[in-house]
Amino acid sequence: MISPSTIDTVFETARVEEVIGDFINLKRAGSNFKGLSPFSNEKSPSFMVSPVKQIWKDFSSGKGGNVVAFLMEHEHFSYPEAIRYLAKRYNIEIEETEQTDEQKAVANERESMYLVSEFAQKYFHSTLLNTDEGQAIGYSYFKERGFTGETIKKFGLGYSPEEWDAFSKEALGKGYKLEFLEKTGLTIVREDGRNADRFRGRVMFPIQSMSGRVLGFGGRILGNDKKVAKYLNSPESDIYHKSKVLYGIYHAKQAIAKLDNCFLVEGYTDVIQLHQAGVENVVASSGTALTPDQIRLVNRLTKNITVLFDGDAAGLRASLRGIDLILEEGMNVKVCTFPDGEDPDSFAKKSSYDELIAYLQDNAKDFIQFKASLLMDEAKNDPVKKAGLIRDIVNSISKIPDRIQQEVYIQECARIMDISEQVLISTLAQMVQKDIADAGKKMKEEQKAKALQPVVEEMPTEQKIKPDDLSGIEYEIVKALQLYGDKDCEFKNVFTKYNEFGDEVNFTETQACKVYEWVYLNLQEDEVEFTHPTFSSLYKELIDIYLNKEIKQENFVNHLPSELQNVVSDIYMDDDRYLLSEWEDKQQIPVKLKHMTVEEHVTQIIFDLRSRLITKLIHELIAQITPDGDNRDAMQDIMDYTELNKNVLKRIERIRTT
């Protein structure tokens with residue numbers, strides 16, 4: 001188990017903007033950073049990161065929290081895995097405490113599969129470098145491809161022996177369970193009970209997540225047996241989904257964000273060879289058809305993709321669908337082809353860095369120019385084929401969500417194809433209408449299906465809660481505690497008395513204390529119990545932290561349970577929206593800033609809660625009145641509570657008009 005002191009050091013050292021910046025392209029937005037949500041498909045950035053408060057909030061999905069919460073959400077780390085990842089990133093030595101048997105048993109299935117995959121990568125890499133078979137077959141193959149020892153180490157390349165179950169025996173001997181060897185697809189359990197290595201006799205390419213964890217493998221056979229697949233990938237599992245993974249993304253992410261462009265190739269060796277040549281912003285779809293999830297992975301880092309194709313015309317035609325998918329995601333796409341007989345791997349191998357960069361820059365065409373030149377060769381002078389070509393190009397333009405960009409491409413298409421813009425605009429409008437109709441039909445079907453699903457109660461947020469709702473006032477209380485809990489204030493108690501002439505006289509008593517003390521004492525005095533479970537839990541956690549722990553306000557989120565961190569980040573980020581805008585400042589609008597009226601704000605919330613609770617009691621008493629019963633006590637209570645509520649409402653009004 002990781003020691004508490006190590007965890008504290010990790011939280012004190014790790015910077016949320018730096019860690020999230022490894023996965024998402026963040027841009028400065030005032031005192032915060034913003035970027036595209038990694039948890040939903042969005043075109044406008046709604047993912048916010050606060051360096052001051054060390055939290056993040058994704059307004060599109062509602063998720064939020066601290067740096068550990070992000071890693072747990074984005075990378076599906078367990079809490080210990082997230083701490084270890086951060087410790088490694090910031091070179092923090094991890095202190096371990098002895099684990100009990102119960103704690104060891106907590107490791108879940110996914111964690112076990114990750115551990116098996118990490119072991120497999122190290123085993124294959126060691127076999128490649130340290131065995132006669134590995135060096136003679138695997139290492140010599142990689143050297144023939146032109147890969148240096150440094151590159152082989154960087155990408156963790158390996159070799160799986162020809163022996164039937166060499167890897168499986170080694171893994172089982174090290175204590176790894178057969179269950180997880182099978183679930184990761186590394187071992188095939190035969191009907192006769194024997195174990196077989198899936199990748200035996202293949203050179204191995206580990207497939208890593210954006211954070212560097214090994215998810216699966218690609219294995220290439222080195223023989224000429226046409227009955228055996230040249231490339232073999234790990235099967236789908238709980239940790240490996242090939243449609244959501246891009247080969248090389250771990251090594252390319254920083255270069256992609258820095259250069260604001262991503263080169264997309266087809267195979268493992270294309271990525272490795274380009275990387276070795278100095279072009280590091282490159283990833284591969286690993287031989288599978290490009291998917292929306294893979295495109296969104298790039299979209300988090302850049303809006304620009306350059307697709308690199310070899311000279312195979314048939315392959316080019318089949319890859320056009322991928323371009324349309326990129327356009328649908330609102331990204332900018334260019335295409336670069338290599339001479340006949342060349343691919344990114346071979347071209348990079350024989351070119352210097354300067355020659356390679358110059359070729360990529362000079363030959364990268366806008367998608368519409370590429371598509372037109374490619375399809376025009378097929379259409380030649382056939383009017384029917386040319387009309388089909390134009391319709392095909394307009395269909396691609398219809399995928400672009402930006403209307404201005406659509407119009408620019410329509411103008412370009414009209415120029416290239418020598419056709420009027422009006423015809424193209426009309427055709428585009430028809431396609432867009434059809435897409436809208438199809439989307440509407442799909443939405444109705446989804447709504448119909450959703451109506452049949454059980455209703456799940458959503459956690460109220462400030463936007464969803466009615467102002468007079470009891471849970472809304474509870475939300476305001478925890479919000480005030482979170483934002484101002486440790487602030488020193490002077491709260492005023494106003495007492496109303498009567499003098500000898502029967503006139504009302506107000507007396508004011510000032511009490512100096514912290515906000516959390518004032519809230520806690522008032523709610524204790526009224527014996528208030530929160531009605532909403534989430535806000536009740538958060539209130540208790542906040543009070544406990546303020547009463548018993550010496551922590552900085554900006555770091556207290558790290559001491560909360562993960563299920564409450566989302567509410568906390570929501571409150572923090574929402575509070576930033578209330579800052580005065582420049583327009584208000586220029587217009588000299590007399591608005592009281594929050595930090596100047598904390599006492600009034602907190603006191604009003606407490607009195608609002610009292611009024612709401614009194615009103616609730618009155619309604620409950622009214623419901624108890626029966627036509628034939630003795631209702632005198634109930635009526636007296638109703639009158640007393642009504643009078644009390646009047647006084648409370650007067651106090652609220654006095655606060656509001658102060």
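## A buried arginine in a loop

Arg 300 is buried, with a relative accessible area of 14%, where buried means under 20% relative accessible area, exposed means over 50% and partly exposed lies in between, for a 1.4 Å probe and protein chains only. This arginine is found in the loop between helix 13 (292-299) and strand 14 (304-309), helices and strands being DSSP runs numbered from the N terminus (H or I, at least four residues, for helices; E, at least two, for strands). Not counting residues up to four places away in sequence, Arg 300 touches Phe 23, Ile 24, Asn 25, Pro 38 and His 74, a contact being heavy atoms within 4.5 Å.

## The model and its confidence

This is a predicted model, in which local features need pLDDT of at least 70 and side-chain atom pairs count only at pLDDT 80 or more, while totals for chains, interfaces and linings use all residues. Residues are numbered from 1 along each chain as its sequence is written, and side-chain values use heavy atoms, with hydrogens and water left out.

The chain averages a pLDDT of 80, and 80% of the residues score at least 70, pLDDT being the predictor's confidence in each residue, from 0 to 100. Over residues 454-468 the pLDDT stays under 50, and the model has 23 contacts beyond four places in sequence for this stretch. The pLDDT is also below 50 over residues 577-596, a stretch with 15 contacts in the model beyond near neighbours in sequence. Where pLDDT is low, the predicted coordinates should not be read in detail.

## The chain as a whole

The chain has 28 helices and 18 strands, and buried residues make up 45% of its 658 residues. Among contacts between residues at least 6 apart in sequence, 66% join residues at least 24 apart.

## Helix 1 against helix 4

Helix 1 (residues 4-13) and helix 4 pack at an angle of about 60 degrees, with their axes 10 Å apart; the axes are lines fitted to C-alpha atoms, for helices over the stretch in contact, and angles run from 0 to 180 degrees between N-to-C directions. Helix 1 and helix 4 are therefore oblique to each other, given that angles under 35 degrees count as roughly parallel, over 145 as roughly antiparallel, 65 to 115 as roughly perpendicular and the rest as oblique. Their crossing is left-handed, a term used if the near helix is turned anticlockwise from the far one by less than a right angle, with right-handed used if clockwise.

In this pairing, Ile 7, Val 10 and Phe 11 of helix 1 meet Tyr 79, Ile 83, Leu 86 and Ala 87 of helix 4. By class, the contact of helix 1 with helix 4 has seven nonpolar, no polar and no charged residues, where Ala, Val, Leu, Ile, Met, Phe, Trp, Tyr, Cys and Pro count as nonpolar, Asp, Glu, Lys and Arg as charged, and the others, Gly among them, as polar.

## Helix 22 and helix 27

The axes of helix 22 (residues 470-484) and helix 27 (residues 598-624) come within 10 Å and cross at roughly 155 degrees, which makes helix 22 roughly antiparallel to helix 27. Helix 22 passes helix 27 in a left-handed crossing. On the helix 22 side, Leu 470, Ile 473, Glu 476, Ile 477, Ala 480 and Tyr 484 take part, and they meet Val 598, His 601, Val 602, Ile 605, Asp 608, Leu 609, Arg 612 and Leu 613 in helix 27. The residues of this contact divide into ten nonpolar, one polar and three charged.

Lys 616 is found in helix 27 and counts as partly exposed, at 40% relative accessibility. The C-alpha atoms of Lys 616 and Leu 470 are separated by 9.4 Å, although the two residues are 146 residues apart along the chain. Leu 481, found in helix 22, is buried, with a relative accessible area of 0%. Not counting residues up to four places away in sequence, Leu 481 touches Tyr 516, Val 519, Tyr 539, Leu 542, Ile 543 and Tyr 546.

## Residues with positive phi

Asn 91 has a positive phi of about 55 degrees although it is not a glycine; this residue is found in the loop between helix 4 (79-89) and helix 5 (101-104), and at 72% relative accessibility it counts as exposed. Asp 260, also not a glycine, has a positive phi of about 55 degrees and is partly exposed, with a relative accessible area of 37%.
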